[in-house]
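Reader: I'm new to this one and would like a close look at a single part. Could you walk me through it?

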Amino acid sequence: MKRFAPLIVLAAMAVLPLLGLSSYVMHLLILVIMWSVSGMAWNLLGGYTGQVSFGHAAFFGLGAYCAGLASFHLNLSSWYGFPLSIPFVAATALVMGLIVLRLRGPYFVLATLALGEIMRITAENLTDLTQGNLGIMIQRTWVEKTGYYYVILGVAALTFWVVKLLAESRWGYYFVAIREDQDAAESLGINTTLYKTIALTVSAVITGFSGAFYMNYMGYIDPQVVFSLGDISILTIMVVMVGGVATYWGPVVGAVIMVLLAEVIRSLPYVGTAYQTLFGVLLIVIIIYLPNGLVGDRQTLARLFKKKGAAV
Amino acid sequence: MWVQLEVFLQTLISGVLLGGLYALIGLGMTLILGVMKIINLTHGQLMMVAMYVAYWLFTLFHIDPYVSLLIAPPLLFLLGMFLQKTLINPVLRVESILPHNQVILTVGIGMVLQNLATIFFTSDYKSTPVDYATDAWYLSDYWKDAPFELSLSYPWTVSFLLAVGITTALWFFLAKTDTGKSIRATAQDRDAAALMGVNVGLMRVITFGLGSALVAAAGCLFIPIYYLFPSLGSQFTLIAFVITILGGLGSTMGAILGGLILGVFESMTATYVGMGWAPVGRFAIFVAALVFLPGGVASLLKRKAVTK
């Protein structure tokens, strides 16, 4: 049963649009799936390999700009952003990995944080290429949301499969070994820098897909949005932290919760402007009480509820 | 030729003045990093809070920002101790898969602080219009036939001198007092320090408070010469960690030198490349430090000490 769970979920998701859901619900579903993709990508690097990145907006934005610029400068369909983003994103990730992943300690955290900011400032200043803060507007392919839904669902299914395949392969064990004890991994003959770089590159390319999809779906991007530290990089981390680090379903659960929460909070009067405070408090609470996320700590959660039930 | 020299010297002066303040920001970060081994990604936001304290003291009670140097840092010291005791300490004990949970936690704290500041104080730019803001010393006042003109702004110079004073006081505290020695011992080897009877938990709390107080002092020194807005914090967090990397993780001397280098480098980029690129210059030097000198300036200092 457990083996088929992903297929069952996929099948259920595939028939969902046939129910004739409203455009708003479809929008939310698309956002949920998009954030699941980003979360799963981040999880591969952050969860399994233990390298926390604060700069996935760099790859997200790069993917988005590849799609946007393909349409804007080259007159290609913006869907070419998917294949086009691969070399750019992979090259960025490789260069960065080879520089930073040699080093231990907090360097990676800081370097990723810096990378996101470098990308944003560069995109703002290279006005000839990116139009700077004006942003890029493209013609969307479909008016209806169903097409986008199936595209992102396909990307998500592919991502899920890739992450599962990697995590259960020899490489996946290398990743976890690096996370648990880098010295031990190194002494067992694992080339830690190489495998960390692999995890980073795969994670970055998938995040780039997520960004390319965002461009296609939204039709408009600017540097402040796609390279945003708070709204992309941190939100990606939150999706994984809330859902569950190093679990297959964690990012999906996290994406559902975060997207719905964001929608609910923003629609409330007065509280709407405080959504970052609530997100921050949620993050703090999760880290203190459920450090492995809802999925990762589900035993703790179950015990908590049982205790409560017994007391009543 | 004199003009070029003038521009260069003026840029150098403003770079050094800026660097002195940067050093103060970097010092707090590096202390926390050294003792607790975590990156405090809410450092700039704490500075933002301190600047708002100074701003409101000025607007409501007409207290000079330099006088609030006696008020804001102690307040932030308490806030820092509170954050460390109630939020960060519990997380240090929690078993989790990710080793970087505390870092993510500081990001969460930063988000809350910044968002609360936006809600309560709006995202408008604010400043403290002190009446000496534009006063300056001019070289020609002292040297009549000077071939070029240099100016030294009052508030910048006062801020710089105060920063130097605070840094000296901090050095004295760390080098000569028992608490300071305990903090340094904890930074060097937590277990050994604990075995020697140092209250490691208390030292952590004090260090976080001290780091917050230092960055609060930097905030008070910055506000007469800078604008204030809620998202200013993240910018200074970035500056703080660039300084920390540049100087060498956990090294106080490195942080001072790193701050000065960054200040001068930023001034130079702003003058010779363009204002908009100054942040890029900041990151260029950061990447260069990562590639060529991952140990920071501190590793150079250490190397010299060893060969001697």
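Which residues touch the most other members of the largest nonpolar core?

Author: Quick housekeeping: this is a predicted model, where local features need pLDDT of at least 70, side-chain atom pairs count only at pLDDT 80 or more, and totals for chains, interfaces and linings use all residues. Residues are numbered from 1 along each chain as its sequence is written, while chains are lettered from A and ligands numbered from 1 in the order in which they are written.

Now the core, meaning a set of buried Ala, Val, Leu, Ile, Met, Phe, Trp, Tyr and Cys residues joined through C-beta atoms within 7 Å. "Buried" takes 20 or more other C-beta atoms within 10 Å of a residue's own, with C-beta atoms placed from the backbone. The largest core has 190 residues, and B:I25 and B:A50 are the ones touching the most other members.

Let's zoom in on B:I25. Leaving out residues up to four places away in sequence, B:I25 touches B:M47, B:V215, B:A218, B:F236, B:I239, B:A240 and B:I243. Touching, or contact, means C-beta atoms within 7 Å.

Helix 1 (2–36) also turns up elsewhere: along with helix 6 (154–176), helix 8 (190–195) and helix 9 (200–222) of chain B, it's part of what covers the buried residues of helix 7 of chain B. Those buried residues are B:S182, B:I183, B:T186 and B:A187.

How values were computed
A residue is buried if 20 or more other C-beta atoms lie within 10 Å of its own, exposed if 12 or fewer, and partly exposed in between; C-beta atoms are placed from the backbone. Helices (H or I, at least four residues) and strands (E, at least two) are DSSP runs, numbered from the N terminus. Two residues are in contact if their C-beta atoms, placed from the backbone, lie within 7 Å.
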